[in-house]
Amino acid sequence: MQDKIDSIKQQLLELTATHDSPRSVLRSPLLRSLYAEIPKLPAEQKGQFGQMINQLKLDIEAAVVTREAQLARVELRPIDVTAPMDINSARPEPLAASKGSVHPLMREISILSDIFNRMGYVVEESREIDDQFHMFESLNFPKGHPARDDYDTFMTEERDGDGEPLIAPAHTSTMQYRVLRKYLDNLDKGEPIAAIVPDRVFRNEDLDARHEHTFYQVEGVYVGEGVNVGNLIATLQEFLQEYYGKKLEVRLNPFYFPFTEPSFEFSLSCPFCEKKGCSVCSQEGWIELLGCGMIHPNVLQMAGVDPGKYTGFAFGCGVDRLVMMKYAIEDVRHFHSAKLDFLRQF
Ligand code: DAH
């Protein structure tokens with residue numbers, strides 16, 4: 001009897017030592033066959049035999065624990081990145097590209113940033129909460145200035161250190177002061193300040209096909225010696241022709257912004273109908289695209305730029321508008337609708 005148990009024990013230990021799921025050895029038919037012997041034994045041998053089998057089972061269990069630890073160590077082995085790839089192994093598949101894509105607005109922002117980069121502009125980010133100083137004062141809208149009403153946006157109930165609510169910026173011009181200060185040293189080195197700020201802005205709007213409460217603008221700031229309106233027009237025309245990939249005419253109408261003097265509303269010939277009149281340009285042939293002008297001396301001065309020595313231009317352009325025209329998108333609300341039918345077209 002002892003011999004039989006020893007022989008089975010030997011077999012089970014060997015099996016456990018190499019098994020991939022060693023715990024299953026405890027359910028082995030060999031072990032079960034030993035338990036099946038007990039009822040057949042004379043009563044006086046049953047107790048001793050039972051103890052021997054229990055001991056055997058404990059030995060196997062110890063071997064199972066050892067084997068399990070060994071297997072766990074194998075799994076934790078560091079990955080050898082120099083090992084040759086086994087092309088037949090089942091590797092996890094990367095997520096299919098069709099499961100997601102870059103949002104059209106983000107893609108277009110990187111395209112337009114590229115164009116300005118090539119023209120020598122650095123790219124800065126705006127912010128989604130700002131204070132009254134950057135949004136208004138630094139842009140030559142003193143407290144109580146009536147033009148503040150044109151930039152009606154969302155405000156916090158909390159007050160800042162000056163007792164003013166914080167503000168969800170209604171334009172990327174909120175970054176002009178910071179951009180001018182950040183690159184002030186350029187001027188001393190004889191280089192211009194040239195930056196764009198493409199980012200999100202907010203307005204308290206009645207929503208329709210052309211108005212969203214949240215949209216994107218790209219701000220441009222260029223300051224140096226002898227900068228004039230001609231430079232502004234040439235820069236914007238060059239940018240727009242590059243962006244739409246075709247020759248375009250541009251037109252300026254006088255306008256008013258507190259932070260530029262003179263100020264203009266900038267239009268371009270409709271890229272769809274070439275001035276014949278179509279639904280994209282409301283039969284006008286021209287599309288009003290952005291606001292721009294020569295940076296007001298007060299704005300330069302507040303930021304530490306000497307307006308007697310330097311001049312500059314700035315512009316602010318709605319990115320959603322630019323993209324809508326490029327792809328003939330009829331409703332600005334599609335951008336934030338999360339409609340896959342819309343997004344999958346890009
Ligand atoms: N911030 C203006 C707006 O949102 C657009 C604008 C006009 C920006 C003239 C400028 C500028 O930088 O010079 O209506």
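An oxygen atom of the ligand lies 3.0 Å from an N or O atom in the side chain of Q176, which meets the definition of a polar contact (a pair of N or O atoms within 3.5 Å). In this predicted model, local features need pLDDT of at least 70 and side-chain atom pairs count only at pLDDT 80 or more, whereas totals for chains, interfaces and linings use all residues. Residues are numbered from 1 along each chain as its sequence is written, and side-chain values use heavy atoms, with hydrogens and water left out.

The side chain of Q217 also has an N or O atom 3.0 Å from an oxygen atom of the ligand. For H171, a side-chain N or O atom is 2.8 Å from a nitrogen atom of the ligand. The ligand taken alone exposes 350 Å², and the protein buries 93% of that (areas by the Shrake-Rupley method with a 1.4 Å probe).

The shell around the ligand consists of 16 residues, the closest being H171, S173, R203, Q217 and E219; a residue belongs here if one of its heavy atoms lies within 4 Å of the molecule. By class, this shell holds six nonpolar, eight polar and two charged residues, where Asp, Glu, Lys and Arg count as charged, Ala, Val, Leu, Ile, Met, Phe, Trp, Tyr, Cys and Pro as nonpolar, and the others, Gly among them, as polar. Strands β5 (214-224), β8 (286-295) and β9 (311-318) each give two or more residues to the shell.

The protein as a whole has 11 helices and nine strands, which are DSSP runs of H or I with at least four residues and of E with at least two, numbered from the N terminus. Its C-alpha atoms fill a box of roughly 115 × 50 × 45 Å along the principal axes.

Two details of the backbone remain. Most residues other than glycine have a negative phi, and most peptide bonds are trans. The peptide bond from E261 to P262 is cis, with omega near -5 degrees, and P262 is found in strand β7 (residues 260-269). N140, which is not a glycine, has a positive phi of about 70 degrees; N140 is placed in the loop between α5 (132-135) and β2 (155-159).

Conventions. A polar contact is a pair of N or O atoms within 3.5 Å; within protein, one must be able to donate a hydrogen and the other to accept it, and residues adjacent in sequence count only if both atoms are side-chain atoms.
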